[in-house]
Amino acid sequence: MKVTEHIKNAKGKTLFSFEIVPPKKGKNIQELYNNIDPLMEFQPPFIDVTTSREEYVYVEREGLLDRQITRMRPGTVGICAAIKHKYNVDTVPHVLCGGFTKQETEYLLVDCHYLGIENVMALRGDAMSHQKYFEPSEGGNNYACELVEQIENLNQGKYLHDVIEADHKSDFCIGVAGYPEKHLEAPSLKTDLRRLKEKVDKGADYIVTQMFFDNSKYFKFVEDAKKAGINVPIIPGIKPIATMRHLQLLPQVFRIDLPEQLISEVEKCKSNAEVRQVGVEWCIEQSKELMDAGAPVLHYYSMGKSSNVQQIAEAIF
Ligand SMILES: Cc1cc2nc3c(=O)[nH]c(=O)nc-3n(C[C@H](O)[C@H](O)[C@H](O)COP(=O)(O)OP(=O)(O)OC[C@H]3O[C@@H](n4cnc5c(N)ncnc54)[C@H](O)[C@@H]3O)c2cc1C
């Protein structure tokens with residue numbers, strides 16, 4: 001079922017969902033299942049599976065270091081199919097512009113369609129770790145709005161090479177990313193919101209936000225989006241802070257602000273175990289307020305580890 005149908009059927013009740021990251025190449029998928037298992041009792045109607053960018057690895061050959069490019073966490077669509085089959089739950093693969101030609105994207109979408117995957121998150125992807133700025137692949141999409149257009153075209157039976165009189169068209173429900181504190185490259189929040197509106201106008205059906213730790217940022221974002229004519233569901237993405245290092249890392253990577261109160265509570269901690277507990281408690285309070293305000297879904301960034309998300313879900317759902 002589509003994410004938007006799940007939201008509609010919930011009739012105002014806030015749903016629980018989460019995002020997982022594929023394991024590194026060579027790792028057993030069982031570890032992923034071990035992290036999903038405890039979260040299934042909270043009945044997520046859908047689970048997102050991220051896609052990672054390629055990266056450089058260095059391999060020693062005859063005394064010299066050979067630089068190779070590879071995706072260390074492949075298998076997004078395979079994992080979506082495996083989880084869908086194992087848990088009977090909808091899965092949402094993240095589809096990226098970066099690292100894919102439009103042709104490869106088309107093949108990937110055809111695979112998803114055959115597998116009965118009805119939702120996709122359309123994302124540009126970040127720059128590769130050695131790049132300062134995002135560089136699109138030759139023959140690939142430059143921005144998420146172009147990817148949305150490609151998916152929407154496919155839904156209309158328009159393939160890259162021709163328009164097909166398809167008797168079984170895809171009907172993907174398309175999610176896109178939104179940034180309550182602005183995307184790091186956007187010159188202003190207003191411009192970023194205009195870009196978000198373009199994605200919706202091209203066919204995006206719902207929005208999932210970047211993580212935030214101050215709910216007022218999300219409420220303001222939803223209000224501004226409505227004023228800008230964006231009328232699709234805006235799902236808050238939330239993450240419990242878990243280590244002392246997150247205090248620097250999260251603002252650095254995602255360009256988000258952390259509230260003073262959260263910073264001071266984390267700074268008082270003597271170990272990461274204490275930080276983790278502060279993160280869980282903060283996230284529970286955030287979740288309660290978002291739920292009371294009628295958020296359609298609470299979408300947790302689990303980063304592959306479920307124990308803190310489980311603790312939060314136990315308190316909330
Ligand atoms: C919910 C969520 C899930 C994510 N999952 C993944 C994942 O699985 N894998 C991964 O690699 N990354 C993921 N990301 C990160 C995302 O790929 C990055 O934030 C990326 O830098 C931007 O992606 P986007 O889809 O928002 O890009 P876009 O919507 O294309 O926007 C990128 C930037 O370009 C600007 N822009 C947009 N259109 C135009 C235009 N026509 N002309 C000029 N500027 C424009 C925007 O304002 C913005 O600053 C995720 C992010 C979120 C919020």
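## Ligand surroundings, strands and cysteines

In this predicted model, an N or O atom in the side chain of His183 lies 2.8 Å from an oxygen atom of the ligand. Taken alone, the ligand exposes 980 Å², and the protein buries 87% of that area.

A nitrogen atom of the ligand is 2.7 Å from a polar backbone atom of Thr51, and an oxygen atom of the ligand is 2.9 Å from a polar backbone atom of Ala144.

| Residue | Part of the residue | Ligand atom | Distance |
|---|---|---|---|
| Thr51 | polar backbone atom | nitrogen | 2.7 Å |
| His183 | N or O atom in the side chain | oxygen | 2.8 Å |
| Ala144 | polar backbone atom | oxygen | 2.9 Å |

The surroundings of the ligand can also be described as a whole. The ligand is surrounded by 22 residues, of which the closest are Thr51, Asp126, Tyr179, Asp192 and Lys199. By residue class, this shell contains 10 nonpolar, six polar and six charged residues. At least two shell residues come from each of strand 5 (90–96), strand 6 (119–123) and helix 6 (189–202). Which element gives the most to the shell around the ligand? Helix 6 does, with three residues.

Attention now turns to two strands. Strand 7 (residues 173–178) pairs with strand 8 in the parallel sense, over four bridges. Within this pairing, Ala177 stands opposite Val208 of strand 8. Strand 8 comprises residues 206–209, and both of its faces are covered.

The cysteines remain to be considered. A disulfide is a covalent bond between the sulfur atoms of two cysteines. How many disulfides does a search of the whole structure find? The search finds zero.

Are Cys145 and Cys173 buried or exposed? Cys145 has a relative accessibility of 14% and therefore counts as buried, the limit being under 20%. Cys173 has a relative accessibility of 1%, so this residue also counts as buried.

Methods:
Residues are numbered from 1 along each chain as its sequence is written. This is a predicted model: local features need pLDDT of at least 70, side-chain atom pairs count only at pLDDT 80 or more; totals for chains, interfaces and linings use all residues. Side-chain values use heavy atoms; hydrogens and water are left out. A disulfide is a pair of cysteine sulfur atoms within 2.5 Å. Buried means under 20% relative accessible area, exposed over 50%, partly exposed in between (1.4 Å probe, protein chains only). A residue is near a molecule or strand if one of its heavy atoms lies within 4 Å of it. A polar contact is a pair of N or O atoms within 3.5 Å; within protein, one must be able to donate a hydrogen and the other to accept it, and residues adjacent in sequence count only if both atoms are side-chain atoms. Accessible areas come from the Shrake-Rupley method with a 1.4 Å probe; for residues, only the protein chains shown count as cover. Ala, Val, Leu, Ile, Met, Phe, Trp, Tyr, Cys and Pro count as nonpolar, Asp, Glu, Lys and Arg as charged, and the others, Gly among them, as polar. Two strands pair if DSSP finds at least two bridges between them.
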